[in-house]
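Me: I have a chain open and want to walk through it with you. Can we start with one of the helices?

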Amino acid sequence: MSKNPIIVFEGIETSGKSTSLKKTIKYLKKKKIKYISFREPGGTNLSEKLRQLMLNKKSKLNNKTDLFLFMASRSENFDKIIKKNYKKKVILIDRFIDSTLAYQHYGMGLDKNLILRMNNFLLGNLKPNFTFLSIVNKKNMLKRLKLRKNINKYDNFNHNFYNKVQKGFLKIALTNRSKYLILDSNKDSLKIIENKLINKINKILK
Ligand code: TMP
């Protein structure tokens with residue numbers, strides 16, 4: 001596909017997206033492939049501060065303020081991390097543009113076109129080369145949330161909200177199937193998911 005692609009890991013809380021990212025990092029290290037990885041919100045020093053502001057349990061920022069802060073974090077990451085490494089290293093991102101559509105539009109009802117335009121304004125033509133979407137059902141999500149030690153503001157919505165967000169992610173993925181792989185943590189064991197992931201990573205990097 002591309003020597004140094006941008007690969008994104010998406011999915012709702014407890015879906016396993018961060019585990020897939022960690023497995024990918026381990027694999028790239030083993031293969032001595034140069035990569036850079038960061039999370040959104042987060043990444044640069046400023047973006048990590050914005051993350052604290054938005055996600056801490058006591059945050060009372062409204063949905064629109066959050067949207068601007070997610071975008072501000074992305075803008076810094078684009079400028080300070082992505083541009084510098086684009087086409088030089090594999091870029092792995094824990095959440096990116098689809099999270100904004102899934103959470104702020106499909107979950108919270110903010111305007112879809114506004115979000116698309118903001119992403120376009122920030123990133124121009126830059127798009128991820130491939131996205132892994134991890135999914136989880138209600139039963140497993142509730143089980144896994146109970147095991148979490150640090151619960152943030154976005155871990156605390158009701159299940160109806162996460163259901164809308166996950167459906168949003170699936171809608172995005174299914175309209176662009178060649179650029180997405182859905183990893184189903186309800187159906188497949190961790191080992192099977194890892195095999196699917198690494199097979200795809202090999203194809204992407206070819
Ligand atoms: P996480 O890093 O544990 O996945 O948490 C990040 C939270 O931020 C998660 O609930 C999704 C949310 N988020 C948005 O709502 N919009 C966005 O654009 C991004 C990047 C994250």
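Me: How many residues of helix α4 are buried?
Reply: Nine of the eleven residues in α4 (residues 97–107) are buried, so call that helix mostly covered. Buried means under 20% relative accessible area, exposed over 50%, and partly exposed in between, with a 1.4 Å probe and protein chains only. Helices are DSSP runs of H or I with at least four residues, strands are runs of E with at least two, and both are numbered from the N terminus.

Me: Which residues of α4 are the buried ones?
Reply: I97, D98, S99, T100, L101, A102, Y103, Q104 and G107.

Me: What do the buried residues of α4 pack against?
Reply: They pack against β1, α3, α5 (112–123), β4, α7 (159–174) and β5 (180–184). A contact is a pair of heavy atoms within 4.5 Å.

Me: Before I go on, where does the model come from, and how are things counted?
Reply: This is a predicted model: local features need pLDDT of at least 70, side-chain atom pairs count only at pLDDT 80 or more, and totals for chains, interfaces and linings use all residues. Residues are numbered from 1 along each chain as its sequence is written, and side-chain values use heavy atoms, with hydrogens and water left out.

Me: OK, strands. Is β1 covered or open?
Reply: Mostly covered. Six of the six residues of β1 (residues 6–11) are buried. I6, V8 and E10 point one way, while I7, F9 and G11 point the other way.

Me: Which strands does β1 pair with?
Reply: β1 pairs with β3 (residues 90–94) in the parallel sense, over four bridges. With β4 (residues 130–135), β1 also pairs in the parallel sense, over five bridges. Two strands pair if DSSP finds at least two bridges between them.

Me: How many bridges join β4 to β5?
Reply: Five, and the two strands run parallel. I135 has D184 in β5 as its bridge partner.

Me: Switching to loops. Where is T14, and is that residue buried or exposed?
Reply: T14 is in the loop between β1 and α1. At 9% relative accessibility, T14 counts as buried. Leaving out residues up to four places away in sequence, T14 touches V136, M141, R144, L145 and R148.

Me: What about phi at K32 and K87?
Reply: K32 has a positive phi near 55°. K87 has a positive phi too, about 70°. K32 lies in the loop between α1 (17–30) and β2, and K87 in the loop between α3 (63–85) and β3.

Me: Are K32 and K87 buried or exposed?
Reply: Exposed. K32 has 75% relative accessibility, and K87 has a relative accessible area of 57%.

Me: And what follows α4?
Reply: G109, with a positive phi near 80°.

Me: Zoom out. What is the order of elements along the chain?
Reply: β-α-β-α-α-β-α-α-β-α-α-β-α. The radius of gyration is 16 Å, close to the 17 Å from the globule rule for 206 residues, so the chain is as compact as a globular protein of that length. That radius is taken over C-alpha atoms, and the rule is 2.2 Å times the number of residues to the power 0.38.

Me: What share of the chain is buried?
Reply: Buried residues make up 50% of the 206.
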